[in-house]
Amino acid sequence: MILNLGSLTFNANIESGGGTPAWGTELGQGDGYKFAFEDMSDFFTGMVYNSVSDTENVTCPLGKGGNQRADYDFVIASIFNKVYVNDKRVEDGRFLLLVVKKLNGDHHVGRRTIKYNPRMTYRGEFINEDCYRKMANTMGLPKDAAWFVYEIFIKNQDELHFIAFELGQEPQSYKSNDERRNAFINRLPKCHKHTCRDANPINRLTQQIFYGAPGTGKSHRIKNDERVKVADQKNLVFRTTFHPDSDYSTFVGAYKPTMRPVAEKYKAVAGKDEEITYSFVPQAFLQAYIAAWNHQDENVFLVIEEINRGNCAQIFGDLFQLLDRDDEGYSEYPIKADIDLVRYLKEGKDENGQEVLINKDGIKDGKLKLPKNLYIWATMNTSDQSLFPIDSAFKRRWEWVYQPIDTAKETWFVNVGENYYSWTSFLNKVNDELLTDETAEDKHLGFYFCKATEKRMGTESKANVITSETFVGKVLFYLWNDVFKVYGIPSDIGSSKDWPYRKFYLTNGEVDTEKVVKLMEQLKIEADAAEEPLAEKV
C-alpha cells in the first residue's frame, strides 16, 4: 500500500515547525469512504492473520487530543513478528499496525485510517518506536539520518515489508512542506507512479490486473499507456481474450491442420497445389514470449482481456510457476517445456524461413523462463468475478490496480422521445443510491457501459447521445436481469410487479418511451426538452 507521502518520515523537518507527520494513511476519500488499493486482499488477509483480540491494551495518539477512544473505534490491531525493510529482515523487529474508524466529530465520520505511529503501544510497550530504530540500523543509517517510508505491504500473510528511502546521513531541513514533498518525490525511482520493491522497476509492473465495474475504461487505460503505445507501433503487443472454452492450447499453442504448397515435382501426382499437414501454431502467450526473448531491449506486452472469464488454472497450466519473478524480473522458477514446444522453439521457422527463437536462452536446457521485458497485463470485470473464481495463489502473483468509476468524463445524454436525460445523473442515481448494498458494488455501471452513437444538435461533433433502444436493450436489461433479479428492485422504483422488463416494449417491438420517461421521473432525473431534431448518426 502506498502511504500518504510524508506521513512516515524521520529527521526531515520544516523550518517553520509545520509539516508534522500524520502517522497514518486514510483508507478512502469521498462519499462513503470506500477504499481500494493495490494488494488490498493480501494486506487485510495478513492483518487478520496477525490480529490481536485485546485491543483494549492498544493505545494510539490520535490528533491533539491524545488517545481519543471516545471518538474512534479500533477496528483491527495486528502484531507482526517478521519485519523487513527494503527486503532485509529487521532482527528482533516487531510492529503494530492499527486500523481505526472515526465515530464522532464534525468531519470525516466513518473514515477508516491505518495507523503506524511510533508512540503507539501494546500492553505498555512502545513496539513501533523500537522497530523504527532497528529499521534504521538495518539500512545502515546513523541515528540522526533523515529517511522516509513510501510503501508497506504484507507477504506470505505474516511478513510486514517496508519500502524506505534515505534523504541524508544527517537531519534535513526544508523551507516548506512542498519543498520537503518534492525532495521525497525526487528520491523515488523514476519508473512509475508507484515505486518498486527493489531497485529494478520491472519487478513491480510486469504482471498487473486492472479491475473494476463494467464500462470504467480498464482496456482503454492499458491501450493508452505510453509504453504500450510505443510497443504497439513496433508490433510488440499481443492481445487475447479469455472465455469459458479457453484452454492451454488456445493460449500457448498446439499442433493444428494447416495448408502447405505441394512440391512442384509432386503436383502432377497429387493433382492439387496445396495439401493438409500438421504444424505447431503458436498462440498469444508463445508469440509474446518469443518476441520478448528476441527483442530484449524493447518492452513486450501480453494483454489478456476478461481474465476471470476463463479457467485460469486450466489455461495457464504449469506456466503458473513462471509468474514468480526474481529481483531482476526473470522467472524465479523455470519450467520444463513439453517435447512439441521444445522442438518448435529450437527448430521452428517463421514465414520467412528464419528461426523462430533467435535467443536460445528462452529454451535453455529445455526450460521456459519469462524474460524481464515481458509484461503481462490483464483486465477483470468485477461483475463477472464469480464466473471462474481466481484462487489466492494465482492472485498474489499479480499487482491489482483498481479502476474507479468516473462519471465526469464527458457530457452524455439518454434520448427518450423528445427528452434528454443526463447519463451522469442516471449513473450516480443507480450506483450511489439504488445499489447501496455493499454486496452489489461489483454490479455498478461505468461511464462507458454503453456507447453514445448519435449527437445532439448544437454540441461538438463527437457522439454524445445514447438512444432509447440502446438504453433499454443494454442498460435496463443488465439491471433487471443481472442486478435486480438477485438483489431485488429498489424501493425508489417500486415492486417487480409494477415494473416487469417486458413492459418497456410495445407489442410491435419498439421501445415504450412513455414507460422509460416514467422510470426517469420515478428516479427524479430531470429532462431537457429537445429543441432541435437529432443530427445524423456518426
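Tutor: Buried means under 20% relative accessible area, exposed over 50%, and partly exposed in between, with a 1.4 Å probe and protein chains only. Strands are DSSP runs (E, at least two residues), numbered from the N terminus. The model is predicted, so local features need pLDDT of at least 70 and side-chain atom pairs count only at pLDDT 80 or more, while totals for chains, interfaces and linings use all residues. Residues are numbered from 1 along each chain as its sequence is written, and side-chain values use heavy atoms, leaving out hydrogens and water.

Student: How many of the 6 residues of strand S14 are buried?

Tutor: In a regular strand the side chains alternate between the two faces of the sheet. On one side of S14, Gln207, Ile209 and Tyr211 are buried, and on the other Gln208, Phe210 and Gly212 are buried as well. Strand S14 (residues 207–212) is therefore largely enclosed by the rest of the structure, and the number of its buried residues is 6 of the 6.

Student: Which residue is the bridge partner of Tyr211 in S22?

Tutor: Two strands pair if DSSP finds at least two bridges between them. S14 runs parallel to strand S21 (residues 374–381), joined by 6 bridges, and there Phe210 has Thr379 as its bridge partner. S14 also pairs in the parallel sense with strand S22 (residues 399–402), over 4 bridges. In S22, the partner of Tyr211 is Tyr402.

Student: How many disulfides does a search of the whole structure find?

Tutor: A disulfide is a pair of cysteine sulfur atoms within 2.5 Å. Cys60 counts as buried at 1% relative accessibility, and Cys312 counts as buried at 7%. Across the whole structure, the number of disulfides found is 0.

Student: Is Tyr278 buried or exposed?

Tutor: Tyr278 lies in strand S17 (residues 274–282). The relative accessible area of Tyr278 is 57%, so this residue is exposed.
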